[in-house]
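Here's a quick briefing to read alongside the model. Have the sequence and the coordinates open as you go.

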Amino acid sequence: MHLPEPRGPFTRALRADLTAGALSPATVDLARRTAATCTDPLGDEDLQLALAVCYELHYRGFAEVDDAWEWDPELIGLRAHLERRHTEALRALVGDLEGTDEPVDRQLSALVAADDGPSLSSFMARRGDLEQWREYLTLRSVYHLKEADPHTFAVPRLSGRAKAAMVEIQADEYGGGAPGRMHSELFAGLMRDLGLDAAYGALWDAAPAAAFASVNTMSLFGLHRRWRGAALGHLAAVEMTSSEPSRRYSAGLRRLGFDESTTVFYDEHVEADAVHEQIAAVDVCGSLVAEEPDLAGDVLFGAACALAVDGLAATHLLGAWEAGRSGLRGQRPLAA
Ligand SMILES: [Fe+2]
Ligand SMILES: [Fe+2]
């Protein structure tokens, strides 16, 4: 994929440095200042895109950027400023989480049950029109085209039952050996059916900060061993809030006349995640906490972040549509 268009002075400087081959002190200073002064880090286009660009070097990289940047110590130092601010914002967003003596899977269920964020799936089931569907898929493509990858970074940090259970889930996400059944591939097919460019990263320029805040949260948890508990809690919350909403998304597409060749991405999740949610909460998170009880708080934190950051994306789209605006950036043609 290619580097995305800049969204402010910081991403402009970062883009110039990455292509030129050296990080300038002015860019590092801009990172420090952006992190120190921005008031809404999770909604800040410049900060979120910069963090996504830094993390993407660990995934597929960019055509114009030398692969050696991945472990450039200065770039990782710059990224740390952004990560600190992002993490503070997550803490502020989810507030204090009161842990209890209950098994962690029950605490996760309680957290999910208490989530009162707006239901985007209900809107899409009943009212979402084709253009809103395109916008929704564009936003979600930032994650779903690399579905499962951010959490997979946590696998080598685990052992025993938690690891085996997590690999069982991830194997399904990756299609169980059939490339065409990979969830990222099923999502790409869905995008193409709705006339969108499904190439990896192709729609980044149209995606709002909320899309990157979501994936950056997963990358943060997956790439730092210190956050392994949060990575697993995040995965559990994703799995636990997927099956029923997927049924609604599928219904929304059928309402618009699409058949099962298009809805297969959601239909697959209705089935698979009804099973995954149990494995993730009980076998993955339960086993991790049995082995490392001190991580219970991080598991709940990761789960709470998943719910809250998803809520931000839903609020962003629904708010824009309510106001008669697009929830995407710019007027770029989205079609392939
Ligand atoms: Fe999936
Ligand atoms: Fe799943």
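Thr262 sits in helix H14, where helices are DSSP runs of H or I with at least four residues, strands are runs of E with at least two, and both are numbered from the N terminus. Keep in mind that this is a predicted model, in which local features need pLDDT of at least 70, side-chain atom pairs count only at pLDDT 80 or more, and totals for chains, interfaces and linings use all residues. Residues are numbered from 1 along each chain as its sequence is written, chains are lettered from A and ligands numbered from 1 in the order in which they are written, and side-chain values use heavy atoms, with hydrogens and water left out.

**Around Thr262**

- Thr262 counts as buried because its relative accessibility is 5% (buried is under 20% relative accessible area, exposed over 50%, partly exposed in between, with a 1.4 Å probe and protein chains only).
- Setting aside neighbours within four places in sequence, Thr262 is in contact with Leu190, Asp193, Leu194 and Leu253 (contact means heavy atoms within 4.5 Å).

**Iron ion (ligand 1)**

- Glu147 (OE), Glu173 (OE), His183 (ND1) and His269 (NE2) coordinate the iron ion (ligand 1) at 1.9 to 2.2 Å; donors are N, O and S atoms within 2.8 Å of the metal (3.2 Å for Na, K and Ca), and water is not among the atoms, so sites may look incomplete.
- The donor residues of this iron ion (ligand 1) follow the spacing E-x25-E-x9-H-x85-H in sequence.
- Why is the arrangement around the iron ion (ligand 1) irregular? Its four donor atoms subtend angles of 81 to 167°, whereas four donors count as tetrahedral if all angles lie between 85 and 135 degrees; four count as square planar and six as octahedral if opposite donors are over 155 degrees apart and all others between 65 and 115, and anything else is irregular.

**Iron ion (ligand 2)**

- The iron ion (ligand 2) is held by Glu173 (OE), Glu239 (OE), Glu239 (OE), Asp273 (OD) and His276 (ND1), at 2.0 to 2.6 Å.
- Its donor residues are spaced E-x65-E-x33-D-x2-H in sequence.
- Distant parts of the chain get linked here: Glu173 is in helix H9 (residues 160-173) and His276 in helix H14 (residues 260-291), 103 residues apart.

**The bridge and its burial**

- Glu173 bridges the iron ion (ligand 1) and the iron ion (ligand 2), which are 4.0 Å apart.
- Glu173 is buried at 4% relative accessibility, His276 is buried at 0%, and His269 is buried with a relative accessible area of 5%.
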